[in-house]
Amino acid sequence: MATLTYREAIRAALSEEIERDPNVVIMGEEVAQFNGAYKVTEGMLEKYGPKRIVDTPISEAGFIGMGIGASMLGIRPVMELMFWSFFSVAYDQIVNNAANVRYMSGGQIACPIVIRGPANGGTNVGATHSHTPENILAHHPGLKVVVPSNAADAKALMKTAIRDNDPVMFLENTLLYGIAGEVPDGDICLPFGRAHIAREGKDLTIVTYGRCVLHSLAAAEKLKADKGLNIEVIDLRTIRPLDVDTVLKSVAKTHRVLIVEEQRPFCSVGTMLAATIQEEAFDELDAPILRVGTIDAPAIYAPPVEKNYQLPNPERVIEGVLKVMR
Amino acid sequence: MSKKSSPAAPSEPADVSVAVPSPHAAAPANAKLTTEQRIELYRKMVRIRRFEERCLPVYNAGKIGGFLHLYIGQEAVAVGACSLMGKDDHVITAYRDHGHAIAVGMDTKPLMAELYGKVTGCSKGKGGSMHYFAPELNYWGGHGIVGGQIPLGTGLAYAVKYQGKKGAAMAFMGDGAVNQGAVHEAYNLAALWDLPVLFVIENNRYSMGTSQERSSAGVLGKRAEAYDMQWYQCGGHDIYEVRATLDEALTRARDQHKPAVVEIDTYRYRGHSVADPDKTYRDRKEIEEKVLTTAIIEEIDAAARAEAERAVEFAEASPFPTAEDIQKDVYWETDQPARTSEGRIFFNNVK
């Protein structure tokens with residue numbers, strides 16, 4: 001067991017996979033000489049050389065598309081988007097080529113690419129750099145979507161992502177990069193679609209993922225101290241595939257659900273969760289399913305307003321829990 | 001064939017007739033061809049023509065869905081180009097993809113069945129006319145979004161070079177694609193990283209219904225110069241000229257990992273797709289076609305017609321995919337005997 005930051009954990013996964021498989025290539029803007037815009041790939045160029053760690057121009061449609069093409073011939077590119085927000089300029093490549101090429105070819109082609117980078121608000125970088133497109137990506141059959149909340153999961157899920165023969169969209173978080181956690185030693189992969197019960201409880205289930213797991217856990221502790229409530233927190237870890245069973249099992253135990261997500265409400269991941277829960281566990285519910293997410297507007301710049309009001313935070317989670325408990 | 005380093009106007013469409021000896025017949029790529037190989041080139045072009053002509057009544061009878069973009073008039077380009085392919089050379093193209101599919105060696109029965117949407121189709125009825133693939137023949141589609149396949153072709157070249165193979169990728173596009181940003185991003189990456197890719201522009205003068213003059217500034221191939229890429233321009237109705245030009249560019253790509261743009265002047269005789277009646281934007285006299293008559297040509301023609309007929313019969317007799325097939329071939333993982341992930345991966349509404 002080692003204590004690694006989320007950033008170091010991802011770097012460890014990338015490094016181990018580079019060493020394991022000669023077809024793994026790390027590519028993206030500033031990943032090599034600059035050591036990564038968020039230093040995830042720091043030191044990797046020096047260690048693995050320019051064939052394996054490749055700087056690209058600012059040209060997302062070009063290099064993401066190129067990576068997809070290379071993956072069809074057996075290369076395993078791990079492409080960094082400096083921000084997932086920039087996926088929009090490569091959207092055609094991702095949804096029409098990566099997601100569809102297997103299907104349109106009748107299953108003749110595999111596309112083992114990983115696209116990774118941070119997808120979060122809360123850093124006061126405004127609307128163009130604060131997108132959280134996990135719902136948009138998960139909407140496309142053919143893609144897998146991964147949203148780790150901690151260092152150990154980030155490492156184990158990244159290793160799974162690189163070995164996966166399907167295109168994997170790996171969404172990190174700049175506000176998690178510096179957070180340290182215990183990471184098991186060794187070659188450990190975590191299967192996609194296995195949620196983690198981050199906190200056990202019996203009074204209400206919070207279904208969440210990514211950085212909102214931290215908000216939810218903080219809220220749960222406060223609700224325990226202040227109100228004596230025992231909140232269960234489920235960290236989904238991956239959006240597609242989705243561990244529906246773990247969610248439904250928890251609902252059968254607590255009968256109350258709050259979904260916490262850094263998503264605007266309209267067609268969010270939580271929308272899908274709420275629909276699924278009411279379709280498959282309606283009789284278990286003692287209250288309507290509520291959601292705490294991003295206030296429905298483009299990401300505001302004003303730093304305290306974004307943090308305190310627009311995005312989910314422990315206070316807003318507590319408010320949401322109390323509404324469901326009412 | 002001409003290697004360009006300065007502006008030049010596109011040439012007029014060449015005469016289709018092969019009765020006139022081609023000035024390019026003696027080029028190295030062509031001089032070494034045996035008589036049988038020459039006949040085979042012609043046979044392939046005729047097979048494409050007859051296949052597509054046979055598609056028309058089927059389409060008009062409502063048996064083919066969606067779009068049908070015919071390659072008629074451009075056969076010499078795909079056949080000439082694909083005849084140069086070695087084992088580590090790769091081809092990718094846009095939605096006008098029937099010609100390339102036959103040129104790389106795909107069987108016409110699954111091609112016709114794909115148009116019918118039958119499970120025996122080359123993409124199991126999941127791709128349709130615009131999405132033919134044959135990775136075992138190094139044919140990577142068949143892509144529907146204008147210019148979207150060009151970064152993929154660049155990636156094929158990247159992989160060939162990365163794996164230390166001596167090969168190249170030919171990424172075909174129409175003249176309409178040159179204005180897409182993805183194409184320019186791919187040009188830049190290929191030139192920047194010395195990738196063995198040829199960007200082949202099949203300039204048939206029209207991006208859908210809009211003529212080149214109304215859509216694109218300047219000479220299309222010349223845009224390569226901005227990226228310090230070599231570029232070539234040649235006629236697309238003389239298969240020897242296509243072969244001579246692409247042979248030089250391919251050799252350079254394979255040996256020196258140098259990309260190039262090759263603008264091939266061609267002409268599609270039909271509308272953009274069959275749904276396009278082609279009555280509004282072109283002068284009818286532009287669409288004349290010359291036909292050869294010799295004994296061997298008659299034999300080839302009869303065989304190609306018979307082949308197209310057999311393809312139709314095969315397609316007619318084949319079943320459609322089942323409802324259960326809809327969610328197959330989506331993920332590599334779910335097509336295997338055992339899944340590697342857990343949880344729900346497909347989300348179905350209540351039945």
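**Chain B and its interface with chain A**

Of the 351 residues in chain B of this predicted model, 58% are buried, that is, under 20% relative accessible area with a 1.4 Å probe and protein chains only. Chain B holds ten helices and nine strands, taken as DSSP runs (H or I, at least four residues, for helices; E, at least two, for strands) numbered from the N terminus. Residues are numbered from 1 along each chain as its sequence is written, chains are lettered from A in the order in which they are written, and side-chain values use heavy atoms, with hydrogens and water left out. Local features need pLDDT of at least 70 and side-chain atom pairs count only at pLDDT 80 or more, whereas totals for chains, interfaces and linings use all residues.

The contact (heavy atoms within 4.5 Å) takes 59 residues from chain A and 50 from chain B. About 4,400 Å² is buried between the two chains, 61% of it given by carbon and sulfur atoms, where buried area is the accessible area (1.4 Å probe) lost on putting the two parts together, summed over both. A:Leu73, A:Tyr103 and A:Met104 supply 17% of the area that chain A buries against chain B, more than any other three residues.

Four salt bridges are counted between chain A and chain B, each requiring a side-chain nitrogen of Lys or Arg within 4 Å of a carboxyl oxygen of Asp or Glu. A:Glu280 forms a salt bridge with B:Arg344, with the closest N and O atoms 2.7 Å apart. Elements of chain A that each supply at least two residues of the side touching chain B include β2 (24-28), α3 (60-72) and α10 (269-281); α3(A) gives the most, with ten residues.

Methods
Buried < 20%, exposed > 50% of the residue type's maximum accessible area, 1.4 Å probe, protein only.
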